[in-house]
Amino acid sequence: MDWTDFGSWAHRIADWTQDYRENVGDLPVRAQSRPGEVLEALPPAPPEAGEPMEDIFADFERVVMPGITHWQHPRFFAYFNANAAAPSVLAEFLVSAIAPNCLIWQTSPAGTEMETRVMDWLRQAIGLPEGFAGVIQDSASTATLAAVLTMRERALDFTGNTKGLFARAPLRVYCSAEVHTSIDRAIWIAGIGAENLVRVPIKGENRGMDPDALRALIAADRAAGLQPAGVILCVGATGVGATDPVAQVMEVAESEGLYTHVDAAWSGSAMICPEFREMWAGVERADSIVFNPHKWLGANFDCSAHFVRAPEDLVRTLAIRPEYLKTHGKDGIINYSEWSVPLGRRFRALKLWFLIRSYGLDGLRTVLRNHVRWARALHDRLAEEPGFEIVTPPMWSLFSFRYVPDGASDLDALNQRLVDAINDDGRIYLTQTRVDGALVIRFQAGSFETTEADVMMALDVIREIAQGLETG
Ligand SMILES: *Cc1c(COP(=O)(O)O)cnc(C)c1O
């Protein structure tokens, strides 16, 4: 195939895409294939001769699609949605066609300058004050790694990269046990060591860290000759949306001179609605904040917004400047690869620009507000439903519940069977998590295509499938 055929194929794929996205709600949400099914359908050896696109596309529909879990399905209520709104899909098409590598300014000035502009739009959209600078990272995990490396270098007067971590007092980083596993991995990779990630006890309905306990742990570490380096907060953690009391934790961190990073990967998108911002009041005092427009905001994966108060610290930690990466004779330029771990960078700003312009902030707010409202309505109905109990209350559009019918013995096993049966049924898709050791079922609404009827259908499906289970 060459470029002369490209247009006709692109049209065909565009039509296929529209049809898929308009009708994806008719398919079972979770892939119903068995392990190995796709692998077995793929030839073990690569073809020696080129094949017609017609055959490749036919196999795509026959082999690949049955092995897809439909993340853009309106009744995808599992994990957190990774939305791909229509305007951002179009932008990604263009990006894949132009295919620039935006590693430094001169390798595509538009990539860099649009990133500066749309990240500042996002800063305003979520209510952060001026003074925060933004960069797009590939994922929240990468943003957190960059933040932890900066935290480490700040604590070591920027000597960690040169001298390593040998023969020094261990660095200590504090977070609750509710945080995402990306924090653990950042601590491993940064050489701080899992044993120096200190878990601060939580309290209250929001399952946030106890600031007094944090202060006491820091004092004990200092007394033991260890070196506190930073605090990692969560706002809307993955399990059940645990949220730290940001202002109180900032108070402690500031008085101790510690670097702070806030992981709001999922909930950060909700902050485009002023009424949801009180949950992270005090965030303007953080050193580093991450949220994923590729989750709830509608920009297709990957697109993670990382805001820092002192980009010079991040750049001092990560920048490396061999001759071939120097841009001579141009002042005032930004090279975003100096703000992140990977060198190569996709042109990710374009999809944000398409998305934000096409929906407008008001359009996006309406989508998110509906999700929160409908999830709360479902929560209220389930709370009334005999045999069910709410385990954690709605945090934005996420809550958890448990099936507790009279006379049931092993509730963890029963709830796991319920989730599995629901997902085998295919009308909706849910996932489980653990709360204080107990297996619970999560519900979150966050698909751009979901309607109130889709959310309410979840109640019928959950009730119907629960009633069909043996509970003894
Ligand atoms: C999804 C999520 C992450 C991980 O995001 P990636 O972009 O996949 O690395 C981290 N923290 C929280 C709270 C999340 O919800």
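Q: What makes a run of residues a strand in this predicted model?
A: A strand is a DSSP run of E with at least two residues, numbered from the N terminus. Leu233 lies in one of these, strand 6. The model is predicted.

Q: Is Leu233 buried or exposed, and how do you know?
A: Buried means under 20% relative accessible area. Leu233 has 0% relative accessibility, so Leu233 counts as buried.

Q: Which residues does Leu233 touch, beyond those up to four places away in sequence?
A: Contact means heavy atoms within 4.5 Å. By that test Leu233 touches Asp244, Val246, Val249, Met250, Thr260, His261, Val262 and Asp263. Among the buried residues of helix 10 are Val246, Val249 and Met250.

Q: How far apart are Leu233 and Pro66?
A: In sequence, 167 residues separate Leu233 and Pro66. In space, the two are 39 Å apart, C-alpha to C-alpha.

Q: Which residues of helix 10 are buried?
A: Helix 10 spans residues 246–256. Its buried residues are Val246, Val249, Met250, Val252 and Ala253.

Q: What covers the buried residues of helix 10?
A: The cover includes strand 5 (208–209), helix 9 (211–223), strand 6 (227–234) and strand 7 (259–263). Just after helix 10 comes Gly257, with a positive phi of about 70 degrees.

Q: What makes Lys295 count as buried or exposed?
A: The cut-off for buried is under 20%. Lys295 has 17% relative accessibility, so Lys295 counts as buried. Lys295 lies in helix 11 (residues 293–297). Setting aside neighbours within four places in sequence, its contacts are Phe80, Asn81, Ala82, Asn83, Ala265 and Trp266. UniProt, in an unreviewed entry, lists Lys295 for "modified residue: N6-(pyridoxal phosphate)lysine".

Q: Which residues touch the most other members of the largest nonpolar core?
A: They are Leu122, Leu214, Val231, Trp280, Ile289, Phe307 and Trp396, in a core of 63 residues. Helix 13 (residues 349–384) gives the most to this core, with nine residues. In soluble globular proteins, nonpolar side chains tend to be buried together.

Q: Which residues is Val231 in contact with, leaving aside neighbours within four places in sequence?
A: Val231 is in contact with Met151, Tyr174, Met209, Leu214, Val249, Ala253, Leu258, Tyr259, Thr260 and His261. Met151 belongs to a second, separate core of 29 residues, which also includes Cys175, Val179 and Ala229.

Methods:
Residues are numbered from 1 along each chain as its sequence is written. This is a predicted model: local features need pLDDT of at least 70, side-chain atom pairs count only at pLDDT 80 or more; totals for chains, interfaces and linings use all residues. Side-chain values use heavy atoms; hydrogens and water are left out. Buried means under 20% relative accessible area, exposed over 50%, partly exposed in between (1.4 Å probe, protein chains only). Helices (H or I, at least four residues) and strands (E, at least two) are DSSP runs, numbered from the N terminus. UniProt positions are given in the numbering used here, feature names are shortened, and annotations may be inferred rather than shown by experiment. A nonpolar core is a set of buried Ala, Val, Leu, Ile, Met, Phe, Trp, Tyr and Cys residues joined through side-chain atoms within 4.5 Å.
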